[in-house]
Amino acid sequence: MVEPADKPIAAGQRLGAPDSFGVSTLEPGLRPLAQPPAGRLSSIRVQMLDDTQEVFQISQCSTGKVLFDLVCVHLNLAEGDYFGLEYQDQRKMTVWLDLLKPTLKQIRRPKNTILRFVVKFFPPDHTQLLEELTRYLFALQIKRDLACGRLICNDTSAALMVSHIIQSEIGDFDETQSWQHLLHNKYLPDQDAIRDKITDCHRKHVGQTPAESDYQLLEIARRLEMYGVRLHPAKDREGTKLSLAVAHIGVLVFQGYTKINAFNWSKVRKLSFKRKRFLIKLRADPAQSAHHDTLEFAMASRDCCKVFWKICVEYHAFFRLFEEPKAKPKPILFTRGSSFRFSGRTQKQIIDYVKDSELKKLPFERKHSKILSTSSLPPPSSSFRSQVPKERAVSLQSADKLDSTRLGHRAECSGSEEPAAASSTANGFHGVAAAAPGSDPIQSRQNHHGGGSAADPQFLNPESPGSEDSPAGSPRVVVNGNGSANGSAAGVPRQCPKGRHLSPLTSPLLTDAGCVRNDDEEEARRKKFPTDKAYFIAKELLTTERTFLNDLQVITESFHGAAGKDEAFPESVKNLISASYDPVHKFHQGFLKEVEQRLAQWEGRSNAHIKGDYQRIGDILLKNIQGLKQLTVHLQKHSECLVELERVCRSSRKAEAVCRDFEQQRVCYLPLNIFLLRPLHRLLHYKLILERLCKHYPPTHEDFRDCRATLADISEMVLQLQGTMMKMENFQKLLELKKDLTGIDNLAIPGREFIRLGCLSKLSGKGLQQRMFFLFSDSLVYTSRGMTPSNQFKVHGQLPLYGMTIRESEEEWGVPHSFTLFGPRHSVVVAASCASEMERWVEDIRMAIDLAEQSSSSDTDLLSDNKLSEDGGAESEEELCGSRSSLERQGHRGNTTVHVCWHRNTSVSMVDFSVAVENQLSGNLLRKFKNSNGWQKLWVVFTNFSLFFYKSHQDDYPLASLPLLGYSVTVPSESENIHKDYVFKLHFKSHVYYFRSESEYTFERWMEVIRSVTCSASRPTLSARKELY
């Protein structure tokens, strides 16, 4: 018996649906009471998808929505609008419960009626189902449809689907166990005939988790012709027996189990019924005469027509509309036609809400699964229990869900005053190791507790069971995507004793309350330092030089050590890298010591400041510029190192594995190729710092002449190496994108230039679907993200730019911010998220078309013949099984810029990457959460569109990261009560962080570099790159 809790959060309410209040109805023959007794309840039985039954108590005047919301609350189901409640009425017809009408007015005999909770709307792409629980319930629906013979398919597809169901229920193949399981369970009407084929398929699923099995089951089912089809018998005008059905694409016509026609929603003008006749009015086709635009089908009765018409109306609204249709005003005198309308959220609203909201993700169990759990999670509270059992073996794919937990909220575990360590990859601080598949670019790093003491090893792993010795509020973090920092097995995220569920991606930085500084001490310390702007410019040189030297050590020490341990790595490449980077590293070690000594003297930590001889930096720069010039020969070889390393990885799998494994280490917080280009980027930083010094100094200043002379020398070096630098940046970006894409073999070829990547919605027969687009100088590729451990993007198609035209088409299709790309072979309609995004895409595509027209070749085929998968079409048995191989691949981590753009629905261009290279910054900042009191001092590095956080500059790897794409940077308002100087605020949706700098100059610099991410780069730079290439 399930009773509504105190103010339960229903799924419809979680999705923001308005409350609807029904009108009380009475059984026939009963007189209405003057005042109905308060609290009078009726019991309604609902059969769940796992065949269990639950009883819900509702008041006699409650609408269907109240009962449906109770069921969704009972299941902890956020994406409940895909489902519905069906029952048999007094005419023995199966109908859907109307959410706007009183429940007891529809169900005349509630004691004798059982409602069934089933899938109502079947999306064309199961990756649109964002929660694992939703996919599990869909898998149960597919299992039921197979067993009752409703989902018709060939033996190969049936055997594959049943094998995935068995894998999710009993685990890996065991001949005796699998055979006995098939004998005692009926999954198909003619199961015995293909039993051997089922077991053969089951053998191939070793190591597959229940969540992966659900995914594979839905992947196969969605490609079947009868997927989600509910047949309604009818006849055409000639009396031929047919069946009508409705799907996301439109109205379907079947003869037997063969689809013979489909009327797309875009072609349908009106659906109606008159008595027993169901009418489909099509939009006029100029090629045909007008009397052919109306099709008529005869059904068994008027009630059958009305039932089918209602579900058509709901399907059209759910998949085609952006928001729930509003109710029409009731006429005063008389009505004409039905007032029925769709009630609930549309698919677009569901997807947007789940992505944008902060829904708590609770584990769930599977009733039929016999796979033992290794978790020691405490059970959730009784108000959130579901009869669909709570799954404890939480799949790492659950980390896909963005904004799952709000960052900065206060932990309630054991009365701790620490901020809770819930981290969402899209919105908050992230552990810097690439945690689970599907996580937005975040990685977790080892943390020092309190005042710098070493962290508890168990503090690093969110997937291992809790330790009695560890603090109650300590989170656990996935390290480098391996699920463990110390070799422990992967398990589940921890829960607080009060049931508060922590995100699998947690940052130790967010729970460390040991470094809260005293504000008065901080103010007193800051006042001792110089206030001259030149000092802070010189200090920026010092802080960025420390970060640069740490990045050099990644190549000269960490990578050299990893490559030296593997004999398969070619000695020639190791020697080339050592010969090119070791002299640079040695030079900058000496240079950093001189800068540190000068800043110490400038700050007054010695008596030298009394004479005033050391309050300058230009003399040190001028002295070292000669040594830097001598390194030009080595700097020119860095591009050769990048090319040779790529050639070795392409020709040797062992060498590729060495590089891939090294990128999974905590010290390699960026793609390896970026570190190889760091010395070239550092020249740009020197140039910008010297320009600021020369602009600040008057010509009469003693440091002006040295700074100006150094600037002239460094500008000459930059000009000499600029061509090589820009070509290597483009080559490095193509190599990085190659790791993110599957289905492309020849991406990094001479002459191809990367221009832009980002999210657009592609319009097809299935409606608007989110796709990741990659624009190059010769082609446009569109992809979707795969549900694999590597989270690579699967290529769906390619549009050559040679001969392409582009046209805005918002009025033509009725889709905001849409435009059409007309290619030589076919055209594509896409829509941007906003007007500014559309403007950027249109401008860059037009520029790319000009580049393609100037090219001598129009052959730009990027796609592998055997990997391209279009949005529709049938698959062979090998293709159906092929998606399993992608789950077995252990690819690079899913924390790249591509994944951030996917989750935050934005885009970046090569111009933005170039600007980000120039706008790198390091230094100490004080950080404060929205609801916390103290400020915590951190060493912060801004690079690659992200902030990386360290305890100090001496740490080898960051503790956490915060991707900034999509964030806004502002100054706190008076109402926020931040009564400190030099504070800026970062906010994304409901996530807010405050950072405090030490001076006006550093405040302006941090605002400047962060705005370079949140604001688009200027377009003229792109034209300059076009001329260069």
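Here are some notes on the predicted model above, going from the whole chain down to single residue pairs.

1. **Ground rules.** Since this is a predicted model, local features are kept at pLDDT of at least 70 and side-chain atom pairs at pLDDT 80 or more, while totals for chains, interfaces and linings use all residues. Numbering starts from 1 along each chain as its sequence is written, and side-chain values use heavy atoms, with hydrogens and water left out.

2. **The chain overall.** The protein chain has 27 helices and 30 strands; these are DSSP runs (H or I, at least four residues, for helices; E, at least two, for strands), numbered from the N terminus. Of its 1029 residues, 57% are buried. Here buried means under 20% relative accessible area, exposed means over 50%, and partly exposed is in between (1.4 Å probe, protein chains only). The accessible surface is about 44,600 Å², with 49% of it belonging to carbon and sulfur atoms; areas come from the Shrake-Rupley method with a 1.4 Å probe, and for residues only the protein chains shown count as cover. As for contacts (heavy atoms within 4.5 Å), take those between residues at least 6 apart in sequence: 67% of them join residues at least 24 apart.

3. **Two nonpolar cores.** A core here is a set of buried Ala, Val, Leu, Ile, Met, Phe, Trp, Tyr and Cys residues joined through side-chain atoms within 4.5 Å. The largest one has 97 residues, and Phe83, Phe117, Leu137 and Phe278 touch the most other members. Helix α9 (residues 302–320) supplies the largest share of this core, ten residues. There is also a second, separate core of 78 residues, with Ile555, Ile577, Cys668 and Ile714 among its members. As background, nonpolar side chains tend to be buried together in soluble globular proteins.

4. **Around Phe278.** If you skip neighbours within four places in sequence, the contacts of Phe278 include Leu244, Leu271, Phe273, Leu295, Phe297, Met299, Phe308 and Trp309. Glu296 is also on that contact list, and it comes back in the next point.

5. **Arg277 and Glu296.** A search of the whole structure turns up 40 salt bridges, each a side-chain nitrogen of Lys or Arg within 4 Å of a carboxyl oxygen of Asp or Glu. One of them pairs Arg277 with Glu296, with the closest N and O atoms 3.4 Å apart. Arg277 sits in strand β11 (residues 277–282) and Glu296 in strand β12 (residues 294–298), so the bridge ties together parts 19 residues apart in sequence. Arg277 is partly exposed at 31% relative accessible area, and Glu296 is partly exposed at 23%.

6. Lys539 and Glu998 meet in a salt bridge at 3.0 Å, N to O. This pair links distant parts of the chain, 459 residues apart: Lys539 is in helix α12 (residues 533–564), and Glu998 is in the loop between β30 (991–996) and α26 (1000–1014). Lys539 counts as buried at 18%, whereas Glu998 is partly exposed at 22%. Arg1005 and Glu540 form another salt bridge, their closest N and O atoms being 3.0 Å apart. That one joins helix α26 to helix α12 across 465 residues. Arg1005 is buried at 5% and Glu540 is buried at 6%. Both belong to a salt-bridge network that also takes in Arg692 and Glu1008.

7. Helix α4 (residues 132–147) reaches 23 Å over 16 residues, close to the expected 22 Å. It is largely enclosed by the rest of the structure, since 14 of its 16 residues are buried. Just after α4, Gly149 takes a positive phi of about 80°.

8. **A surface patch.** Ile152, Leu231 and Tyr257 form a nonpolar surface patch with about 250 Å² of accessible area together. Patches take residues with over 30% relative accessible area and no salt bridge, joining like charges within 9 Å and nonpolar side chains (Val, Leu, Ile, Met, Phe, Trp, Tyr) within 5 Å. Tyr257 lies in the loop between β8 (250–255) and β9 (258–264) and is partly exposed at 48%.

Key: The expected span of a helix is 1.5 Å times one less than its number of residues.
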